[in-house]
Amino acid sequence: LKYVRTASEWEINIDYHNRNRYKDIFENGEFELGKNELYSLFDPCVSHMIALIAAAFTRFKNGRQYQMIQAYSPPVSPRAKLGSIMSFIPKISNANSPSENMNI
């Protein structure tokens, strides 16, 4: 709860509805969640955080610092970029049970 509790040191900026939903789940124990629900429980938080940082990232990409980084970085092939992105995606053996490979 350190990310969703109001006024916590690591609080993230999420909407009131989701903050109360997480409070009900974790503090009050009002919801019974299956593996699939647990797997996607924080998707709204992730989406909101990405939306909040998108404008700042666009400004950074349009700035001199990013252009300088690009100028001095070795070129990367599209295939290498895809490989580095794919390394962050967990390998799922059974599409019907996404949390099979997770320790939940």
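Predicted model: local features only at pLDDT ≥ 70, side-chain atom pairs only at ≥ 80, totals over all residues.
**Exercise 1.** Find Arg-19 and work out whether it is buried or exposed, and what its side chain reaches.

*Solution.* 
- Start with the location: Arg-19 sits in helix H1, which covers residues 16-26.
- Next, check the cover. Arg-19 has a relative accessible area of 12%, and buried means under 20%, so Arg-19 is buried.
- Now follow the side chain: it gets to the backbone oxygen of Ile-12 at 2.9 Å.
- Finally, look at the neighbours. Leaving out residues up to four places away in sequence, Arg-19 touches Tyr-3, Val-4, Arg-5, Thr-6, Glu-11, Ile-12, Asn-13 and Ile-14.

**Exercise 2.** The structure holds 4 aromatic pairs. Take Phe-26 and Phe-42: how are their rings arranged?

*Solution.* 
- The ring centres are 6.1 Å apart and the planes meet at 5°. Planes under 30 degrees apart count as stacked, so this pair is stacked.
- Then see what gets linked: Phe-26 belongs to helix H1, while Phe-42 is in the loop between H2 and H3, and the two are 16 residues apart.
- Both are partly exposed, Phe-26 at 40% and Phe-42 at 37%.

**Exercise 3.** Which arrangement does the pair Phe-60 and Tyr-66 have?

*Solution.* 
- Their centres lie 5.4 Å apart, with 70° between the planes.
- Over 60 degrees counts as edge-to-face, and that's what this pair is.
- As for cover, Phe-60 is partly exposed at 34%, and Tyr-66 is partly exposed at 22%.

Methods. Residues numbered from 1 in each chain as written. Heavy atoms only, no water. Helix = DSSP H or I, 4+ residues; strand = E, 2+ residues; numbered from the N terminus. Buried < 20%, exposed > 50% of the residue type's maximum accessible area, 1.4 Å probe, protein only. Polar contact = N/O pair within 3.5 Å; in protein donor to acceptor, adjacent residues only side chain to side chain. Contact = heavy atoms within 4.5 Å. Phe/Tyr/Trp six-rings, centres within 6.5 Å; stacked < 30°, edge-to-face > 60°.
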